[in-house]
Amino acid sequence: MRVAVFSTKGYDRTFLDRANEAHQHELVYFDARLTAETAPLAQDFPAVCAFVNDRLDHEVLQILHQGGTRMIALRSAGFNHVDLPEAEALGMTVGRVPAYSPHAVAEHAVALVLSLNRMTFRAYNRVREGNFSLDGLIGFDLHGKTVGVIGTGKIGLIFAEIMHGFGCRILASDPHPSADAKDFVEYVPLERLYAESDIISLHCPLTPETDHLIDDQAIAQMKDGVMLINTGRGRVVDTRAVIEGLKRGKIGHLGLDVYEEEEKLFFQDLSQRVINDDLFMRLITFHNVLITGHQAFFTAEALTNIAETTLTNITAYEGGEGTLHQVTVQHMA
Ligand code: NAI
């Protein structure tokens with residue numbers, strides 16, 4: 001099948017080309033992000049392949065549909081960037097990669113916890129400059145601390161398991177507690193999780209309920225000096241509220257792999273450009289904030305799984321071998 005692949009980088013091409021040896025689809029790569037302006041590039045492509053910051057709203061889906069596209073293959077687990085009711089109304093099939101490496105994301109969340117706690121990013125720079133002072137690098141033992149996990153799906157449970165391995169107590173909040181959760185995961189109301197956790201990590205999807213879940217009110221209920229980690233979706237956190245929390249010292253450490261306005265920033269080299277996002281620029285001025293640019297998924301294993309599942313979805317849609325991991329409006333509930 002002819003597939004218009006948007007938002008592609010060199011590494012996407014490498015892994016997709018390798019996986020495509022078993023499928024033989026005609027992959028046409030576009031560097032551009034999928035938007036209303038770039039959607040006409042997919043004219044006459046029956047399938048479009050998109051990533052997390054591609055826009056698949058009402059307008060884009062209409063353009064794609066008019067151009068003959070009937071299949072959307074997401075290279076992501078999250079589908080909050082797709083207007084699913086519209087896709088269904090247009091008779092378009094949406095495939096996704098439900099799990100490519102939950103370990104990759106959970107391990108990155110742990111990397112943020114460890115780096116922030118022991119300030120390894122500051123230590124690295126100091127040592128390179130011959131500054132061996134320890135002032136400002138004081139951390140805390142993870143052993144014995146309480147970790148709050150919001151969202152105990154595939155990623156949240158692995159994160160909980162790793163943190164339990166450090167000797168942490170695990171509290172969790174999820175409207176659908178998992179049957180796979182180990183005994184050490186204690187489900188509690190969100191208010192209790194906020195009140196008792198030294199570290200809070202977000203692993204829920206972005207939904208109307210989780211949009212700005214972490215706002216002024218939520219932060220006010222947290223422990224003084226709490227460490228907040230977000231590898232879920234940017235909009236789960238109200239950036240303005242966390243900046244206020246950081247300024248007051250209420251939030252002691254903030255680790256982000258996602259940011260609510262990331263689509264204008266992430267996955268690009270903007271080092272020669274002026275960044276006009278004042279909230280983001282304020283965030284990076286704090287010594288106790290560590291931001292990575294949506295790289296939690298970025299391991300060789302995950303890229304291999306993403307490429308293989310994406311192409312299998314397209315093959316299955318065509319009636320070939322394999323399972324189509326379709327996402328429908330029911331998944332939004
Ligand atoms: P999953 O679907 O296995 O688990 C999500 C869990 O969140 C479910 O148990 C669900 O019941 C729960 N949940 C839903 N609403 C909630 C709420 N209001 N409060 C608490 N929990 C709630 O998803 P998975 O694979 O664990 O991924 C979680 C999220 O991580 C994805 O939705 C995606 O946004 C994000 N992600 C980020 C990546 C990155 O590179 N930074 C890569 C992959 C996923």
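Mentor: We begin with pairing: two strands are said to pair if DSSP finds at least two bridges between them. Please keep in mind that this is a predicted model.

Trainee: What makes E3 and strand E4 (residues 71-74) a pair, and in which sense do they run?

Mentor: The definition asks for at least two bridges. E3 is joined to E4 by 4 bridges, and the two strands run parallel.

Trainee: What is the order of the strands in the open sheet, and why do E2 and strand E5 count as edges?

Mentor: The open sheet has 5 strands in the order E2-E1-E3-E4-E5, with parallel pairing. E2 and strand E5 (93-95) each have a single partner strand, so one side of each is left without a neighbour in the sheet. From one strand to the next, the twist averages 20°.

Trainee: Why is the unit made by E1, helix H1 and E2 called right-handed?

Mentor: A crossover is right-handed if, with the strands pointing away from the viewer, the path from the first strand over the helix to the second runs clockwise. E1, helix H1 (residues 10-20) and E2 form a β-α-β unit of this right-handed kind. H1 lies across E1 and E2, and it runs at about 175° to E2.

Trainee: Which residues of H1 are buried, and why are they said to be on the same side?

Mentor: A residue is buried when its relative accessible area is under 20%. In H1, Asp12, Phe15, Leu16, Ala19 and Asn20 are buried. They cover an arc of only 135° around the axis, which puts them on the same side of H1. The buried residues of H1 pack against E1, E2 and H11.

Trainee: Where does helix H11 lie?

Mentor: Helix H11 (residues 300-317) lies across E1, E2, E3, E4 and E5, and runs at about 160° to E4.

Trainee: What makes strand E6 mostly covered, and which residues lie on each side?

Mentor: In strand E6 (residues 146-150), 5 of its 5 residues are buried. Thr146, Gly148 and Ile150 are on one side, while Val147 and Val149 are on the other.

Trainee: How many bridges does E6 form with strand E7 and with strand E9?

Mentor: E6 has 5 bridges to strand E7 (residues 169-173), in the parallel sense. Gly148 stands opposite Leu171 in E7. The chain passes from E6 through helix H6 (residues 154-165) to E7 in a right-handed β-α-β crossover. E6 also has 4 bridges to strand E9 (residues 199-202), again parallel, where the bridge partner of Val147 is Ile199.

Trainee: What can be said of strand E11, its burial and its pairing?

Mentor: Strand E11 (residues 251-256) is mostly covered, with 6 of its 6 residues buried. Strand E10 (residues 226-230) is joined to E11 by 5 bridges, and the two run parallel. The bridge partner of Met227 in E11 is His253. From E10 the chain crosses through helix H9 (residues 239-248) to E11, a right-handed β-α-β crossover. E11 pairs in the parallel sense with strand E12 (residues 289-291) over 3 bridges, and the bridge partner of Gly255 in E12 is Leu290. The crossover from E11 through helix H10 (residues 278-283) to E12 is right-handed as well.

Conventions:
Residues numbered from 1 in each chain as written. Predicted model: local features only at pLDDT ≥ 70, side-chain atom pairs only at ≥ 80, totals over all residues. Heavy atoms only, no water. Axes fitted to C-alpha atoms, helices over the stretch in contact; angles between N-to-C directions. Contact = heavy atoms within 4.5 Å. Buried < 20%, exposed > 50% of the residue type's maximum accessible area, 1.4 Å probe, protein only. Arc of directions from axis to C-beta.
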